[in-house]
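Please keep the sequence and the model in view while reading.

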Amino acid sequence: AESLEDACATSIQRRVRGILARIYYAKFRVERHTAAARIQAGVRGFFGRCYAKHYIVLRFGAMSFQRVWRGHLGRAAVVEARRLKLRTTGVSLIQRIFRGRLGRKRMMDRRCMRTAALQAARAVSHTALTTMDVEELADVIERAIYDPFVPFPAPHILALLRLVALLLSPAT
């Protein structure tokens, strides 16, 4: 019951509507793809900025910690170097004082020995030496040999005894 005109009009409308629907769908697909890409880009950008912020915080925290730790190590090294320098300076000072005192004591001992030897040489002469002096010296040495609690005569007395022995030897 449709007329030919109605049938042709329906067919043309159907074809035009199909073409328009395909065009609309092609545009929709492009827009849908563009919208999805924009959404994905937005989400990726958001996550990227969050990660970057987190990374910067971590990196800055690590750098701060490293900076503080290196500063601490540097200050500790300076303190140790100062302490070592002070200790070596103190040790050098003590050694210098001790060695100077030791040298002065050695010189004083030499002077004492020299004066004692000169006094002994003046005191010992064949005219000033008596038999009583020799007997006293022999008694002191004998007591020191037999009794361990009696101190042995000083070295300058033994030197005096050698001089006496030389003077009293039959060769002179």
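In which helix is Asp133 found? Asp133 is found in helix H2, which covers residues 131-146; helices here are DSSP runs of H or I with at least four residues, strands are runs of E with at least two, and both are numbered from the N terminus. The model is predicted, so that local features need pLDDT of at least 70 and side-chain atom pairs count only at pLDDT 80 or more, while totals for chains, interfaces and linings use all residues. Residues are numbered from 1 along each chain as its sequence is written, and side-chain values use heavy atoms, with hydrogens and water left out.

## Fold and exposure

The chain comprises three helices and zero strands, and its pattern along the sequence reads α-α-α. Of its 172 residues, 6% count as buried, where buried means under 20% relative accessible area, exposed means over 50%, and partly exposed lies in between (1.4 Å probe, protein chains only). The accessible surface of the chain amounts to about 15,600 Å², and 66% of this belongs to carbon and sulfur atoms; such areas come from the Shrake-Rupley method with a 1.4 Å probe, and for residues only the protein chains shown count as cover.

## Surface patches

Patches are made of residues with over 30% relative accessible area and no salt bridge, like charges being joined within 9 Å and nonpolar side chains (Val, Leu, Ile, Met, Phe, Trp, Tyr) within 5 Å. Lys and Arg count as positive and Asp and Glu as negative, whereas His and the chain ends are not counted; the place of a charge is taken as NZ of Lys, CZ of Arg, CG of Asp or CD of Glu.

Asp133 belongs to a negative surface patch together with Glu135, Glu136, Asp139 and Glu142, and because its relative accessibility is 36%, Asp133 counts as partly exposed. A positive surface patch is made up of Arg106, Arg110, Arg111 and Arg114, of which Arg111 lies in helix H1, residues 4-123. A nonpolar patch on the surface is formed by Ile12, Val16, Ile19, Leu20 and Ile23, with about 460 Å² of accessible area together. Ile23 is found in helix H1 and, at 43% relative accessibility, counts as partly exposed.

## Salt bridges

Side chains of opposite charge can pair when their charged atoms come close. With a salt bridge taken as a side-chain nitrogen of Lys or Arg within 4 Å of a carboxyl oxygen of Asp or Glu, the structure holds two of them, as set out here.

| Salt bridge | Closest N and O atoms |
|---|---|
| Glu80 and Arg83 | 2.5 Å |
| Lys105 and Asp109 | 3.4 Å |

Why are Glu80 and Arg83 separated by about one helical turn? The reason is their spacing, because Glu80 and Arg83 are three residues apart in helix H1. Glu80 is partly exposed, with a relative accessible area of 36%, and Arg83 counts as partly exposed at 43% relative accessibility. Lys105 and Asp109 both lie in helix H1 as well, four residues apart, which is about one turn of the helix. In that pair, Lys105 has a relative accessible area of 44% and is therefore partly exposed, and Asp109, with 37%, is partly exposed too.

## Aromatic pairs

A pair of aromatic rings is described by the distance of the centres and the angle of the planes. Rings of Phe, Tyr and Trp (its six-membered ring) pair if their centres lie within 6.5 Å, and planes under 30 degrees apart count as stacked, over 60 as edge-to-face and the rest as tilted. By this rule the count comes to three aromatic pairs. One of them, formed by Tyr24 and Phe28, is stacked, at 6.5 Å centre to centre and 20° between the planes. Tyr24 and Phe28 are four residues apart in helix H1, so they are separated by about one helical turn; Tyr24 counts as exposed at 60% relative accessibility, and Phe28 as partly exposed at 37%. The rings of Phe46 and Phe47 have centres 5.7 Å apart and planes at 55°, so this pair is tilted. Phe46 counts as partly exposed at 46% relative accessibility, whereas Phe47, at 54%, counts as exposed.
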